[in-house]
Amino acid sequence: MKRNWRDFRPPARALAIVPPFAWLALFLLVPFLLVLKISFADLKFGVPPYTSLAEFGDEAMRVTLHVRGYVLLFTDSLYAGTYLNSIKVAAVTTLWCVLLGYPVAYYIARSRPGLRNLLMLAVILPFWTSLLLRVYAWVGILRNDGVLNGLLMWLGVIDRPLEIYRTDLAVYIGMVYAYLPFFILPLYATLVKLDLRLLEAAYDLGARPWQAFLRVTLPLSRPGVLAGAMLVFIPSVGEYVIPEMLGGANTLMMGRVMWGEFFTNADWPMAASITVVMVLLLLVPLAIFQYGQVRQMEQAREGLR
Amino acid sequence: MTGPSRTLRGLALGLGFSFLYLPIVCLVVFSFNASALATSWSGFSLRWYGALFDDQVLLSAAWLSLRIAAASATAAVVIGTWAGYVLARMGRFRGFSLYLGMLSAPLVLPEVVLGISLLLMFVEMDSLFGWPGQRGFFTIWVGHVMLCMAYVTVIVQSRIRELDRSLEEAALDLGAAPLKVFFLVTLPLIAPAVGAGWLLSFTLSLDDVVIASFLSGPGFTPLSPEIFSRVRLGLKPEVNALATLFILLVGLCVVAAYRVQRRKETP
């Protein structure tokens, strides 16, 4: 007789499920609800530096929702511009990760198994060293007196240093660099599982290699591309460290503006409003990512049967 | 793969890998540079390594970071493995989507979101219960556990799915209690994944700037925020020296792990 977890008393099952659930609820869900709450508060001197929403007095509870943060977000063109710019930066980063990462993942997946593992190790290896330090390395490369400009001037390609450091271009380079492994990993996992007999069938039926790629490989790798793109796009939108280190003062991104409101202006309600809108903007890509994950899991489960 | 695709393959892999490794090579090379400018080569020197080991602020920040990383990696592995097991073996239950969503959220959400939300919760908790008071080790630890456990869950649950279920079923049929089955059958089988999760968590915790900045209090600055506040305004050669030591250590660990794995696979 086969027995598994489902046959046991519900309490045992619940006991196994509840603790991680409770931990996540306490340290993820509750904090986020608090951000939502504080985004409707107003600035106040003291600790904590924001007003409470509900006040009791004269046997009445007054709930005051301050929408200053949200009004500012939607009327001040600085904030609207920041949101648009963050999405633009994230989208361009994602696009470049796809363009650079797809060929790499594709050719690794088509290598001999031994070489394949070694190459994947090489993709993951930089991931194990500090990202902060690797982004810092780009400062030394991209500066006006840096390695890249030195090399290009020595080669005689240019006679004046290129202004890359502290521009949007530097941010793109840093972001693509940081997120490329996140794109390659899920895509590789999809490509390596691809049934090669399908390609052989396509060749047998007279498809040219590029036709087989466009009509067999590419459509079948879509879940991997989608998962990778979301893993790049969503965190990119709120990235703070890379634009701060490589970008100019006018490279406005949500993470940076929120950081400034919080640490420099000590305006916690405003920072909370920016965060809430950021998460709301990310809900659609998050839902796509989640949907892909659930589907993959269900397929894996069906595969077991 | 013949003809043009071999050229294409070389080009794609060459380009991709040089992009990934160029900054690392530059870091290492310029850590041995005699000049303080750190961008033009002016001779071999170990002076930055000397400067690094004289820097008390950096060293104590590093010690704090190592302790936080070890503590958060351990907790993240416990909770993350637990969550991964639930995800892989418990089937569907009520609130499954919420569970999955909460598990994958820290994986993709920008770190600033995680940082500010936890900070606001600690501030609120402090004004309600008078606890946890000053921000420091504990608050950073919670933040890092939240950051890392999602990675552990992903690694562990995919490993559990690959496991042969009949091993656990056999143990259950022979009368072992579920908890005993987990510790005596499942856990040893997924140990490599758990180990990888611990190492990854350790690295992530060491590396994190954003969450640690939100959740650290006065006198409690871990290594990464300290480095970040130094390098955001320009180049600091002693940081190159630190990076080189770090890369060397990680490289040695990975090569050793790879050797061990190879030996296991080809007995």
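Let's start with confidence: chain B has a mean pLDDT of 85, with 96% of its residues at 70 or more. This is a predicted model, and its overall scores are ipTM 0.84 and pTM 0.86.

Stay with chain B for a moment and look at how it is divided. Domain 1 is built from two stretches, 22–54 and 237–267, while domain 2 covers 58–234.

Within chain B, follow helix α8, which runs over residues 178–207. What distance separates the end C-alpha atoms of this 30-residue helix? They are only 37 Å apart, whereas a straight helix at 1.5 Å a residue would reach 44 Å. Now find A191(B): here α8(B) bends by about 60°. A proline, P192(B), follows within four residues.

Next, turn to chain A, where you can find 13 helices and 2 strands. Along the principal axes, its C-alpha atoms fill a box of roughly 85 × 80 × 35 Å. The radius of gyration of chain A is 25 Å, but a compact globule of 305 residues would have one near 19 Å.

Finally, bring the two chains together. Their contact takes 81 residues from chain A and 69 residues from chain B. On the chain B side, helix α1 (residues 4–31) gives the most, with 12 residues. What kinds of residues make up the side of chain B that touches chain A? There are 51 nonpolar residues, along with 10 polar and 8 charged ones.

Conventions:
Residues are numbered from 1 along each chain as its sequence is written. Chains are lettered from A and ligands numbered from 1 in the order in which they are written. This is a predicted model: local features need pLDDT of at least 70, side-chain atom pairs count only at pLDDT 80 or more; totals for chains, interfaces and linings use all residues. Two residues are in contact if their C-beta atoms, placed from the backbone, lie within 7 Å. Ala, Val, Leu, Ile, Met, Phe, Trp, Tyr, Cys and Pro count as nonpolar, Asp, Glu, Lys and Arg as charged, and the others, Gly among them, as polar. pLDDT is the predictor's confidence in each residue, from 0 to 100. Domain bounds come from an automatic or database domain assignment. The expected span of a helix is 1.5 Å times one less than its number of residues. The bend at a residue is the angle between axes fitted to the seven residues ending there and the seven starting there. The radius of gyration is taken over C-alpha atoms; the globule rule is 2.2 Å times the number of residues to the power 0.38.
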